[in-house]
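Here is my note on the model, point by point. Please read it with the structure open.

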Amino acid sequence: MSLADSPPPHDDRPVWPAIRRGLTLRCPACGEGAILHRYLKVQDNCPVCGEELYHQRADDGPAYLTLTVTGKVAISLMVWLLFTYDPNPLLLFAFISAVVIGLSLYLLPRFKGMLVAIQWSRRMHGFGGSDR
Ligand SMILES: [Zn+2]
């Protein structure tokens, strides 16, 4: 039996369920405990299963993703509104500002949860230490 015939190694931390759990702000290991507290602070340990989460190094990743998505949505919306309805510029500015602020506040913690979950799933940084 050659190496090509052997079954692929079992992935005990599949990435897509972890991403889904991270986007819903849940622990990537159990999917039950809250991953964040105080809006953007990552819990040291999951309050339900005790999984260590302090190994995360999300850094500027969530802000970068939030800026990218929010910018593309806001600019597309602004151009569409401008050419479709030709609104008052002050009204357009106020509306787009509200969309940008609201979307940023909504997306930032979700992207942080997603990046922490990806790091957990791929055993990055200290997440690969030992399994329970
Ligand atoms: Zn958990």
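**Notes on the predicted model**

1. Layout. From the N terminus on, the protein chain runs α-β-β-α-α. That makes three helices and two strands. Elements are DSSP runs, numbered from the N terminus: helices are H or I of at least four residues, strands are E of at least two.

2. Ground rules. This is a predicted model, in which local features need pLDDT of at least 70 and side-chain atom pairs count only at pLDDT 80 or more, while totals for chains, interfaces and linings use all residues. Residues are numbered from 1 along each chain as its sequence is written.

3. Overall dimensions. The radius of gyration of the protein chain is 20 Å, whereas a compact globule of 132 residues would have one near 14 Å. The radius is taken over C-alpha atoms, and the globule rule is 2.2 Å times the number of residues to the power 0.38. The C-alpha trace spans about 70 × 40 × 20 Å along its principal axes.

4. Burial and contacts. Of the 132 residues in the protein chain, 21% are buried. A residue is buried if 20 or more other C-beta atoms lie within 10 Å of its own, exposed if 12 or fewer, and partly exposed in between; the C-beta atoms are placed from the backbone. Take the contacts between residues at least 6 apart in sequence: 54% of them join residues at least 24 apart. Two residues are in contact if their C-beta atoms, placed from the backbone, lie within 7 Å.

5. Helix α1. This helix covers residues 15–23, and its buried residues are Ala18, Arg21 and Gly22. Seen down the axis of α1, these buried residues fall within an arc of 100 degrees, so they line one face of the helix. The arc is that of the directions from the helix axis to the C-beta atoms. The cover over the buried residues of α1 includes α3 (89–121).

6. The α1/α3 pair. Which residues of α1 and α3 meet? From α1 come Val15, Ala18, Ile19, Arg21, Gly22 and Leu23; from α3 come Arg110, Gly113, Met114, Val116, Ala117, Ile118, Trp120 and Ser121. The axes of α1 and α3 come within 7 Å and cross at roughly 150 degrees. Axes are lines fitted to C-alpha atoms, for helices over the stretch in contact, and angles run from 0 to 180 degrees between N-to-C directions. α1 and α3 are therefore roughly antiparallel to each other, a label for angles over 145 degrees. The crossing of α1 and α3 is right-handed, meaning that the near helix is turned clockwise from the far one by less than a right angle.

7. Positive phi. Most residues other than glycine have a negative phi. Leu25 is not a glycine, yet its phi is positive, about 65 degrees. Leu25 sits in the loop between α1 and β1 (36–37). Leu25 counts as partly exposed because it has 17 C-beta neighbours inside 10 Å. His125, also not a glycine, has a positive phi near 55 degrees. His125 belongs to the segment after α3 and is partly exposed, with 13 other C-beta atoms within 10 Å.

8. A buried loop residue. Glu51 lies in the loop between β2 (41–42) and α2 (61–85). Why does Glu51 count as buried? Because Glu51 has 20 C-beta neighbours inside 10 Å. Leaving aside residues up to four places away in sequence, Glu51 touches Cys27, Ala29, Cys30, Asn45 and Cys46. Gly33 is 18 residues from Glu51 along the chain, and their C-alpha atoms are separated by 9.5 Å.

How values were computed
Angles under 35 degrees count as roughly parallel, over 145 as roughly antiparallel, 65 to 115 as roughly perpendicular and the rest as oblique.
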